[in-house]
2 protein chains.
Amino acid sequence: LEDGDKSEVYDLVEPLHPADVADLFELVGREDRSALAEAVSDLLSSEVISELNDYVREDMIDALPAYAVAEIAEQLETDDAVQLIEDLDPRDQAAVLAEMEPEDRAAIESALSYPEETAGRLMQREFVAVPEHITVGDLIDFLRDEASDPDALPTDFFEIFVVDPAHRPVGTCQLSWILRTPRHIGLTDVMKRDQTLIPVTADQEEVALMFQKYGLISAAVVDEAGRLVGQMTVDDVVHIISEEAGEDALLLSGAGDGDINEPILLTVRARLTWLVINLGTAMLAASVVGMFQDAIAKFALLAVLMPIVSGMGGNAGTQTLAVTVRALATNQLTSTNTWRAIGRELTIASANGVALAILIGGGTALVFGNPLLGAVIGTAMIINNLTAGMAGIAVPVTLERLRVDPAVSSAVFVTTATDVMGFFSFLGLAVLTGLA
Amino acid sequence: LEDGDKSEVYDLVEPLHPADVADLFELVGREDRSALAEAVSDLLSSEVISELNDYVREDMIDALPAYAVAEIAEQLETDDAVQLIEDLDPRDQAAVLAEMEPEDRAAIESALSYPEETAGRLMQREFVAVPEHITVGDLIDFLRDEASDPDALPTDFFEIFVVDPAHRPVGTCQLSWILRTPRHIGLTDVMKRDQTLIPVTADQEEVALMFQKYGLISAAVVDEAGRLVGQMTVDDVVHIISEEAGEDALLLSGAGDGDINEPILLTVRARLTWLVINLGTAMLAASVVGMFQDAIAKFALLAVLMPIVSGMGGNAGTQTLAVTVRALATNQLTSTNTWRAIGRELTIASANGVALAILIGGGTALVFGNPLLGAVIGTAMIINNLTAGMAGIAVPVTLERLRVDPAVSSAVFVTTATDVMGFFSFLGLAVLTGLA
């Protein structure tokens with residue numbers, strides 16, 4: 001297909017939704033993308049560009065001249081335009097901004113003045129705000145008037161924000177409430193005064209949690225003085241929620257960004273950094289084994305069994321860690337219930353430790369006809385499960401208190417603890433009991 | 001606070017949002033929940049109940065008589081009512097349903113007839129559908145009329161579905177489009193004909209992906225005959241997205257449901273099952289070491305170094321696995337680009353393998369003054385990194401093809417591969433080269 005008939009490709013792509021066209025670009029190989037782009041250039045709307053994966057988009061945008069990027073950006077709502085421009089290097093950014101209409105440029109520059117991943121950067125600057133004391137009828141007339149000017153209203157909106165003369169939000173009206181209310185009723189009688197306001201400085205993770213918790217469709221973003229400056233809508237927040245929730249598995253494993261479109265060198269660097277850190281901890285654990293070389297030389301069966309103790313501890317620690325990181329991320333684990341959660345994990349660790357100790361201890365005693373060896377490995381298993389449970393919760397909770405993302409760095413500490421303690425308890429007990 | 005003054009507790013809880021009251025119940029210990037419930041019983045609205053964590057809600061619902069549960073369920077929209085009732089045991093379920101109004105009961109029974117986690121179970125049965133050929137003005141008048149009957153309209157809605165005489169959706173209108181359009185315009189001129197329809201049998205994961213991909217606010221759910229039977233709204237889908245994205249880290253670690261409110265016995269059972277499976281694979285890996293007992297007895301340093309090779313392979317495998325599982329879950333990895341992705345992972349594995357081999361091989365040669373030992377551990381490291389990369393992508397992709405959730409079972413296979421290959425390549429090479 002790809003090698004020849006452009007018009008056929010065009011016909012196939014034409015009926016697709018912009019999001020599907022974007023997916024198509026991600027699925028074809030890097031080398032085929034420009035050929036595809038040429039074949040379907042009319043279909044490369046700004047929607048398609050804004051749906052593209054960050055890395056793929058960067059790739060395509062880099063190939064375009066500044067005026068073309070500026071043209072695409074102007075068709076987008078501010079939040080999508082900012083996404084397009086924020087990843088460019090500073091020189092290209094300036095070139096694109098210079099090509100834009102002064103009004104759009106100002107909006108984007110203002111967005112870029114906020115730190116990445118904050119509400120100020122992510123919000124949409126288009127929204128509908130009306131004064132108090134107007135009626136439902138006034139509002140509908142106002143919207144119909146504005147609709148004649150294509151730039152006046154956002155394409156889609158879900159709520160009307162009611163503001164006081166200082167532009168501070170006093171209430172919010174879902175459109176469905178307006179549609180079912182007679183024209184003569186005042187907006188203040190329809191609106192909900194209780195609303196969730198998002199500070200411009202709020203981190204995207206907080207924003208995502210608010211939307212989830214309160215089931216929001218859109219929410220007003222306010223500046224330090226409490227003035228309405230933008231809105232966040234749920235369709236954008238959905239991407240943040242999925243990203244934030246999905247990244248824990250990637251961060252816990254040290255896989256970096258974990259995007260399969262990431263340039264390979266960045267991926268190697270991210271993963272290798274993590275592996276080298278883990279190499280350090282593996283050597284630490286190995287040095288514990290080194291203390292017992294004589295015992296192992298005398299009784300090599302110890303070397304056969306020791307990875308079981310450390311490995312099972314590692315597994316149990318990873319379980320506790322995954323649960324704790326998730327509970328911290330969703331605000332289910334707070335300072336109020338930390339002690340209860342620690343008690344819970346230690347109870348689970350004891351139960352699992354004893355069960356595993358009976359299995360492996362009993363098995364070892366029978367298979368090797370050596371009850372003392374069975375008792376040693378069983379005891380070590382209990383000790384290491386408790387270590388795993390303790391480290392699995394204490395490490396992420398402590399990192400969170402220190403304002404370090406627990407998903408990023410917990411795993412090193414936890415597996416170091418279970419490796420070191422696994423080898424030390426098993427080999428140490430073996431020597432103490434005179435097994436070797 | 002908790003031990004005494006009920007009215008003070010009431011005053012503190014009263015101004016909170018239902019979602020915050022629900023959080024409060026989750027944060028206090030199990031033993032304090034009934035005291036708190038008694039103190040704030042008037043504030044325990046159906047919204048609070050529907051916001052509660054599944055396990056906490058089950059606990060509270062179990063304590064209530066059937067008629068009280070039925071009363072709460074009737075105040076909820078069908079999707080929330082179903083959530084409340086689906087977890088009850090069959091006898092309690094029947095008792096609650098018997099206490100409900102026939103109409104509500106029928107809606108819930110119909111929902112329960114669909115499998116869990118499908119659109120049929122999760123959808124809201126309240127929605128606004130109107131015939132073609134009415135005007136914007138007719139629609140507004142209709143909504144204002146209906147509004148006088150509190151049960152006629154859903155509390156919030158975001159879209160109007162336009163249906164043909166057979167009740168099949170022909171288009172959808174966002175409320176903002178209606179509000180900005182003059183009364184005399186026909187709805188068919190406002191609505192969008194291209195719409196995303198959700199089959200009743202769609203799995204919640206598919207639904208979540210559609211909402212994310214197309215930025216939907218709500219979508220029509222249709223039965224086998226294409227008739228509109230319900231709607232899904234983004235506020236419900238947000239929970240699904242967060243759950244589906246967040247559960248990968250938990251599933252990969254075998255932590256089961258991973259909810260800190262889960263009854264402890266269920267948690268122990270889920271985690272122990274996983275640990276026992278891993279015990280099996282750990283013993284398999286140990287048996288590989290067992291084949292080399294003589295070599296280890298002669299040269300105990302091998303036992304000191306072998307966990308480094310297997311551990312690093314495990315880390316690298318987990319990285320690839322986390323990335324692959326995420327890419328599969330978000331549909332970024334499909335049959336089109338599998339080979340490209342495999343090539344990518346093997347390139348990364350080679351690069352990381354060589355880098356680690358130089359570090360650990362060089363270090364070993366220097367520290368122990370034994371270049372052959374350095375060469376052996378370096379080579380084993382490269383072999384095991386390639387094993388990790390290969391297994392990390394091939395295992396989840398194969399499981400996905402077999403329609404098994406790759407997040408649930410991949411980790412066992414991958415770590416077995418890296419453990420076995422880590423020990424075998426290192427100890428095997430040591431014997432082959434005459435080191436021991």
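Reply: Contact means heavy atoms within 4.5 Å. Helices (H or I, at least four residues) and strands (E, at least two) are DSSP runs, numbered from the N terminus. This is a predicted model: local features need pLDDT of at least 70, side-chain atom pairs count only at pLDDT 80 or more, and totals for chains, interfaces and linings use all residues. Residues are numbered from 1 along each chain as written, chains are lettered from A and ligands numbered from 1 in the order written, and side-chain values use heavy atoms, without hydrogens and water.

Me: What do the buried residues of H11(A) pack against?

Reply: In chain A, they pack against strands E1 (129-131) and E2 (159-163) and helices H12 (175-179) and H13 (187-190). In chain B, their partners are helix H11 (136-146) and helix H12 (175-179).

Me: Which residues of H11 in chain A are buried, and why are they said to line one face of the helix?

Reply: Buried means under 20% relative accessible area, exposed over 50%, partly exposed in between (1.4 Å probe, protein chains only). In H11 (residues 136-146) of chain A the buried residues are A:Val136, A:Gly137, A:Leu139, A:Ile140, A:Leu143 and A:Arg144. Seen down the helix axis, they fall within an arc of 165°, so they line one face of H11(A). The arc is that of the directions from the helix axis to the C-beta atoms. An α-helix has 3.6 residues a turn, so residues three or four places apart point the same way.

Me: Why is B:His17 called partly exposed?

Reply: The relative accessible area of B:His17 is 31%, so B:His17 is partly exposed. B:His17 lies in the loop between helix H1 (6-13) and helix H2 (18-27) of chain B.

Me: What makes H16(B) roughly parallel to H21(B)?

Reply: Axes are lines fitted to C-alpha atoms, for helices over the stretch in contact, and angles run from 0 to 180 degrees between N-to-C directions. The axes of H16 (residues 264-290) and H21 (residues 406-432) of chain B come within 9 Å and cross at roughly 15°. H16(B) is therefore roughly parallel to H21(B), given that angles under 35 degrees count as roughly parallel, over 145 as roughly antiparallel, 65 to 115 as roughly perpendicular and the rest as oblique.

Me: Why is H18(A) also called roughly parallel to H20(A)?

Reply: Helix H18 (residues 301-329) and helix H20 (residues 371-401) of chain A pack at an angle of about 30°, with their axes 8 Å apart. That angle makes H18(A) roughly parallel to H20(A).
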